[in-house]
Amino acid sequence: MAEINRVKDEFVAVLSHELRTPMHNLHGWAQLLLTEHEMDEALKIEGLETIERNARLQVRLIDDLLDLARMQKGEMNLEIEPVDLASVIRSAADTIRLSAETKGIQIQLHLDAAVSNVLGDAIRLQQVVWNLLSNAIKFSSKNESVEVRLEQVESQAQITVIDRGRGIEAEFIPFVFERFSQRDASTTRSAGGLGLGLAIALTIVELHNGNITAASAGFGKGSTFTVRLPVVTMTKQLSNDELVVGELLHSNQKIAQLQNLCILVVDDDADARILMQTVLQNAGADVLVAASVKEALALLEQQSPTLLISDISMPDEDGFTLIRQIRSHTIEQGGQIPAIALTAFAEAKNEQRILKAGFQLFIAKPIDPMELVNKVVETLKT
C-alpha cells in the first residue's frame, strides 16, 4: 500500500508539473503579445509558434489521460478501414516537425511505397507513430536525427523509429511500456511527460493484432522501437501522387459543399463563437451566432438555418435543453434540423447521451478547424 501511495503521489506531482508548464508558456507569451506593442515581427512569430506548440502539448496530455480512462474501461474503439501507413507516418511527422526543429532535430523518413495497406484506425495508428516520434525527440540531444523506416517483412508491415539519444538501460526495458513508467520522476529530471504515451501505443498496436518492441544498446546509445502490423492484400495500390491529388480534391469538394449554407453556432464562450464563425465563413458558409439557448431559439423563429452547432455545457440552459426544444417542433418549424454537439466531456457515456438526445454527431473540444469542416459535411450527408 505504501508503494502504491508513493507512485500515486509521484504521478500527481508530475501531472501538475506537466499541465502547469505549457500553461505558463501560453499565459506568458499571450501577455507579452498583448502588452509589447513594439515587439519585433520575428519575435511575434516565435511567440505565436510557442503558444501553438504548448497548446498542442496540453491537448496531448489531456488526450492521454482520457485514453488511459478508456483503456481501463475497455472502451478504446477503432474505426476500421484500409490504411496507407506511409501517409500515416508522414502526417505524424508533419504534426511533430515544429517540435523537432526547435531542438534542431531532423526527422528522416525512409518509406517503402510497396508496403501493403493494413486494416485499422488511421487516427489511432498516427497516434502511435506520434508517440514514438515524440519519445525519440524528447530523449535526443540537439542537432541529432530521428529515423523512421517503413518496410514489409513477409506478411507484416514494419515501422521502425530509431533515435541516437540517451538510450534505455537494460534493466528498464521490460517496464518501458508500463503505465506511468518513468525512469526519473524527480524535480531534476531532464525529460517531461506522464509516462503514458508508450503504454497507450502498446494498447493501440495490440488492438490492431500487432506487436511493439523496444531495444537499446544501453545508456547513451540510442533506442529503437519497432511496430509490426498484419497487412491486407488490395486489388489496386494508389501511387503517392494519386493519393495527394485525391486528398486535395476531396478537401476542396468538402469546402465547396458549404458555399452559401446557413449555419447556426451556439456557444456561451465568445472566443469559441468567433473561432467557429471565422472557420465556417472562410469555407463559404453564412453563419449566425447565439450565446444562449434563448438567443438560439429566437433566431430559429426568424430564420431557417441548414445546420445547428451547439455547445453542450452552457449556464442556465444547456445544449440538451436546446436540442429537446428543437426536436419537439414540426418539420416546418425546423424540428429536424441536422445538429452537431460540442463537448469538452469526451467520455463514452456522455457521447451516447449526446446522440440519444437528437444530435447527429459531436466534436470534442478543442476544435480543429479542418475537423469542424469535415464534421459539417459529414452531418449534411446523413
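**Notes on a predicted model: sheet, helices and salt bridges**

1. Start with Asp267: at 0% relative accessibility, this residue counts as buried. Keep in mind that we're looking at a predicted model.

2. Asp267 has a charged partner, Lys365, and their side chains form a salt bridge with N to O at 3.2 Å. The two sit 98 residues apart, with Asp267 in the loop between E8 and H7 and Lys365 in the loop between E12 and helix H11 (369-381). Lys365 counts as partly exposed because its relative accessibility is 30%.

3. Lys365 also meets Asp311 in a salt bridge, at 3.4 Å from N to O. Here the separation is 54 residues, and Asp311 belongs to strand E10.

4. E8 (262-266) and E10 (307-311) are joined by four bridges, and Leu264 has Leu308 as its bridge partner in E10.

5. Elsewhere, Glu147 and Arg149 form a salt bridge with closest N and O atoms 2.5 Å apart, and Arg164 joins them in a network. Glu147 is buried at 7% relative accessibility, while Arg149 is partly exposed at 35%. The whole structure has five salt bridges.

Technical notes: Residues are numbered from 1 along each chain as its sequence is written. This is a predicted model: local features need pLDDT of at least 70, side-chain atom pairs count only at pLDDT 80 or more; totals for chains, interfaces and linings use all residues. Side-chain values use heavy atoms; hydrogens and water are left out. Two strands pair if DSSP finds at least two bridges between them. A salt bridge is a side-chain nitrogen of Lys or Arg within 4 Å of a carboxyl oxygen of Asp or Glu. Buried means under 20% relative accessible area, exposed over 50%, partly exposed in between (1.4 Å probe, protein chains only).
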